[in-house]
Each structure stands twice: as structure tokens, then as C-alpha cells.
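Here's a quick briefing to read alongside the model.

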Amino acid sequence: MKIAFDKIYDSYHQDLYRFIFYMVKNKEVTEDLLQEVYIKILKSYESFEGKSSQKTWLFSIARHTTIDYFRSQKRKRSHILNLFDWSEKGDYIPDENPLPEELVMKSERERQIYSFLDQCTVDQKSVLILRFIQSFSIKETAEILNFSESKVKTTQHRGLKKLRELLDHKEGGDLL
Amino acid sequence: MNPGDDKEIINRLKKLPKVVDQTDKEEWHSRISSKISEEKKPVTRRQTRVLISTIGFSLVAMILLLLLPSIINEVNPSQNQVKEDSNSAHHIKKVKMVDEPSTTNHFHSEEVSDENPITNPIPESKVMYNINNEQQIVYSAVSDDQLQYLIPFSFIVPNDESLSDYYSTIGSRINFSEDKLGAYMFDNVSFDINVDEKEVVMNLPESFTISDGSANATMFINILTEMFIPYDIEKIVFQSDKNQAIDLGAIGEITELPLIQELYAYKKYESPNEDKSYLIPIPQDRESTVDEALRNLKDNEEDFHVYATIPENVNFSIRDNHQQLIVELENNNSLANEEEFITMIEAILMTAKSYGYETVKFENTKIDQIGSYLLTEPIFVPDAVNPIEVIDPNA
């Protein structure tokens, strides 16, 4: 197991960490989820059949694990509060976490886009993170998300449009 | 910002910091190793696994015959049965399972009990219709071995017997077998089902635990949803001797669980451990349309043993008429493989059901009948997927 762990850690750890972090925006949760991802990977490492690349396999497990987390949070919120109308908000997960230290020194523009990512759907957010923060190609993103390449493009377009609307609204508001 | 100026936004995204994990590699290894070791320790509840169709086949068939002798012929009628559904505003004909040689997945009659199910040339159906008021369906599910997807299964029981009793003894009625599919979660758990109150009380033994991780908690919730949403149950109430609350890890401690219907597309799960496949529900976005869900049926997820149910080269367009979904096929000449065609029909039916449709009409199918389905008529969505054999625990 150590050999498999070393191989995955050395090649993909920081990328997996970054992907999960930008999805959930909480370092503690990121560590918990990444631990879960490692356990799943190491348990099924022997049975990985290499039908996709190891990289896309690892990221698709990370994505499934993150979505499971969102679902559990959705349940938790609806159970505890019942105040949040998920049917209207869709998969929007509001960010209640403090800014990571890496972002504190960044400009307002970067902080805005970081915050607005949460108002995209989970699919849009996944595509935007993989494409522009992780620099994955359309093909790799499609494999990870199990989308067709055209669906990646459509989701990317919708995600960018959503961010543009939010930024336009914010900047318009600031001018008033 | 000018409309269409995506470059500016992309640049902002690219400038977001490369957040780096500062935790030491050895620390990670130590945490993960200890977690895996913990999980390998024996647990109090019985670790059981789901049934393989080929192993124990004769035992199961025999017990099923003892338990439900009259049901088999009704689930698998020997003649074409098309009857008018008088309740339908559109006077749609309800197509039942027809010409099934009693092999609706694991159901076997005396006539075929000596046949080897692997070599049986007649394709298996992966769905079930409850066509008799004297019987009811028990729904349950297990997880796949990677805790990614839920694998539902179902069986029929007489209507005059306690549903709660059946649900409380699923673990002993199914031949779960080690190392096949994921473990059954609810051994030694009893259920009191109150359909009128839309509530199920779940009595948990002291030893009941859910492993850490949001995947386990999510699977726990998904299985309960699969089990009880068909009865319009709205919430599960947890009870135990010492403490009413149940610790769902990432969800926290709860005493009640509201059940929420999700949207699904149905794909084929090919178990890596047995020569058998199941239709499984793949969750879809709440904002998704049935068209998007059906198009997703063309995608494989091979690393998770999940495969397309609509072949890549089969095109289709859809429209609807109230509760009827109309699927017009193109390029379906290639669907010579009867099993592939039936699986496609059933996956579309189940996906349509998830999106609220009651019937599906297939057009431009080239043939009038495939397996038990009369394609010239609208087909009712099934009542359940993956029917399996049951065992009489007292036998």
C-alpha cells in the first residue's frame, strides 16, 4: 500500500487537494474528504483497470466524494434549519468559511470571483475549477466529470456567464 | 464588463492562488493507514454481501416456489397480456411482462428450474411490474464496492402479510454473499412502516454504526430513500434503546430523516465479481431535463463498472404529451442484440419514471415487439428494478 500511496501522493496530491479545496472552501473539510478519497483509491487500486487514465480516475473519485459531501450538507441544513429553499437555489452551496490565507493578500477582484464561484451550480463550479484553476483540457475535464466534451463546453459557457452576470451586478452596484 | 468578455473572467480564475497543503506526507500516510486498519477490524454487525445469481440458484428457486407459488405466473404471464387501463385519461394500454419464460431476472418456475441461467438464451428483464392487487413490492438496495452508486433490488410479497416484517428481515431473506457487492446496511434493524402517516420508525440495535465519511452517510440516506419513497414515506424516525439520535458523521446526530425524491438516469452496473448486471440510478442535477438525463445514458463510467444503456450510435429525439414521454428512435437498426435493446427500453422507462412520466411511447422502432414489450403501444413505467429471489428464513 505504501508504494501505491507514494505514487499517488507524489504525482497528484496537491492537485487533488486544490480541487477539493476550491469545491468546499474549507481546509479541514478538504483534509477529511481527501483522506476519504485516498482510502477509496487505495482499496480499489488493485482493481483499477486502466480504462481511463489514472489521473482522471483519481479526480472522478474526488468529485464523487465531494458531491457526497454536498449532499450530506444539504441534508444537514434542511434537517436543522428547514429555512433554506434548495428547490429554488438548486445546488448553490453558500460559502460561510473564512478566506484562505493565500487569498487574503489578493485583490478585491480575485476575492470576488472566489466568492461568486459558489453561486454556480456544482457542475459549473467543477468545470470552472478543473479548466481554469487546475488547467485541465476539455477532454480531461470531460473524462473526470463523465460529461461529453460538448457538455463541458456548454457547462463552462453557462458558468462563465453566471460569473459575468454576478460581476456586472456587483460592479454596477458599486458604481451607484 | 462587456458581455461575452469571458477572457477577463478566465484570467481572474487563473489568478486565484494555488492553495497548497502544508501537511507532511508521512502524516498523511499515517492517518490513512490507521483509518484503513480500523476499517479492517471485525465489526459486530454481520458483514454480508449481495447475492450472485449463479451461486445458490437452485436453493433460492426452491424456496421462492415454497414462499410464493402463485406469484410467479402473475409476474411472468405466459401469454401476451395487454389490458385497457380504465383509469387512464388517454386510454393507454398497459403492457405487462409478456412471454417471459419465468426468468424475470431471478424468478424461475418449475419448467425452467433446471436450466442454467447463464446459458439461457432469452434475455433477462431488469424491471418488475406489480400487476396483482394481492401482492406488494419490497424495495431495498446495497452499495457498490466503491461506495459510489446504489444498487437497488426488489421482490414481491403477498399483500396480506406485514410489510414491516418483510423489511425487518431482508438481511435473512436474501442470499448475500461475501465479496460480491457492497454490504447490506440494515442487519438487525427493524422497521415499523406506517403508510398512512407517511412515516417509518427505524429501530436500531446498540451495535449499529455507520463508518466515518460522508460517502457512508450519503449511501445510508440513499438506501433508505430507495426503500421507502415508493410508499410515499416522507420521513424516517430513528429509535434505539439508549439514545434516539443516530450519528450520521458528516450530517451530524439526527433523530429524524426527511426523505427527498431525487432525479435519476438509469445505467447498467456490471458487477466485477459476477456474471450479472443491474440497472442502477445515477443521480442527476435537480435542474436537469429528461432529455439531458436520457443523453447521459450513452456515457460509460468504466472505472466504476457503470455502462451506457443507450448505444452510442443510437440517436433519438423526445417530446411529451402530459404524462407520456414519446421517444423517437433513429439509427436503431443496429439494435439486433435483443438484450441490449431490452436494457435500453427499460433504462429509458425507469429514467422517464424518475422525471414523473407514467408511460413511454417508442416510435420508429423498426420492430413491433422486443422481448415482452409491445413497441406499438405506450408502455407503462415499471414498478421496480432488479427483481431478485427471496428465501424463507424459516425454511
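Four salt bridges turn up across the interface of chain B and chain A, in what is a predicted model. One of them pairs the side chains of D10(A) and K25(B), with N to O at 2.9 Å.

**Where chain B meets chain A**

- Helix 2 (25-40) of chain B is among the elements that give two or more residues to the side touching chain A, along with helix 1 (6-14), helix 7 (214-228), strand 11 (256-258) and helix 8 (290-296) of chain B.
- The largest share of that side comes from helix 2 of chain B, which puts in ten residues.
- Sorted by class, the side of chain B that touches chain A has 26 nonpolar, 15 polar and 25 charged residues.
- Going by residues in contact, chain B brings 66 and chain A brings 71.
- The size of an interface is often quoted as the accessible area lost when the parts come together.
- Here, the area buried between chain B and chain A is about 6,200 Å², and carbon and sulfur atoms give 55% of it.
- The polar side of the story is 14 residue pairs in polar contact across the interface of chain B and chain A, both residues at pLDDT 80 or more.

**The four-stranded sheet of chain B**

- Four strands of chain B make an open sheet in the order 6-7-8-11, and the pairing is mixed.
- Strand 6 (190-194) and strand 11 of chain B sit at the edges with a single partner strand each, so one side of each has no neighbour in the sheet.
- On average, neighbouring strands of this sheet are turned by 20 degrees against each other, direction ignored.
- The parallel part includes strand 7 and strand 8 of chain B, which pair over six bridges.
- Within that pairing, V201(B) stands opposite V237(B) of strand 8, and N203(B) stands opposite Q239(B) of strand 8.
- Strand 8 of chain B also pairs with strand 11 of chain B, this time antiparallel and over three bridges.
- V237(B) has a bridge partner on that side too, namely E256(B) in strand 11 of chain B.
- A salt bridge joins E199(B) and K235(B), whose closest N and O atoms are 3.8 Å apart.
- That pair ties together distant parts of the chain, since E199(B) belongs to strand 7 (residues 199-204) and K235(B) to strand 8 (residues 235-240) of chain B, 36 residues apart.

- Another open sheet of chain B has three strands in the order 13-12-14, with antiparallel pairing.
- Strand 13 (277-284) and strand 14 (306-307) of chain B are the edge strands, each with a single partner, so each has one side left without a neighbour in the sheet.
- Strand 12 (residues 263-270) of chain B meets strand 14 of chain B over two bridges, with K268(B) standing opposite Y307(B) of strand 14.
- Helix 9 (residues 338-354) of chain B lies across strand 12 and strand 13 of chain B, at about 150 degrees to strand 12.

**A hairpin in chain B**

- Strand 15 (residues 315-321) and strand 16 (residues 324-330) of chain B run antiparallel and are joined by seven bridges.
- F316(B) stands opposite L329(B) of strand 16.
- Two residues lie between the strands of this hairpin, and H322(B) there takes a positive phi near 55 degrees.

Notes
Residues are numbered from 1 along each chain as its sequence is written. Chains are lettered from A and ligands numbered from 1 in the order in which they are written. This is a predicted model: local features need pLDDT of at least 70, side-chain atom pairs count only at pLDDT 80 or more; totals for chains, interfaces and linings use all residues. Side-chain values use heavy atoms; hydrogens and water are left out. Two strands pair if DSSP finds at least two bridges between them. Contact means heavy atoms within 4.5 Å. Axes are lines fitted to C-alpha atoms, for helices over the stretch in contact, and angles run from 0 to 180 degrees between N-to-C directions. Buried area is the accessible area (1.4 Å probe) that two parts lose on being put together, summed over both. A polar contact is a pair of N or O atoms within 3.5 Å; within protein, one must be able to donate a hydrogen and the other to accept it, and residues adjacent in sequence count only if both atoms are side-chain atoms. Ala, Val, Leu, Ile, Met, Phe, Trp, Tyr, Cys and Pro count as nonpolar, Asp, Glu, Lys and Arg as charged, and the others, Gly among them, as polar.
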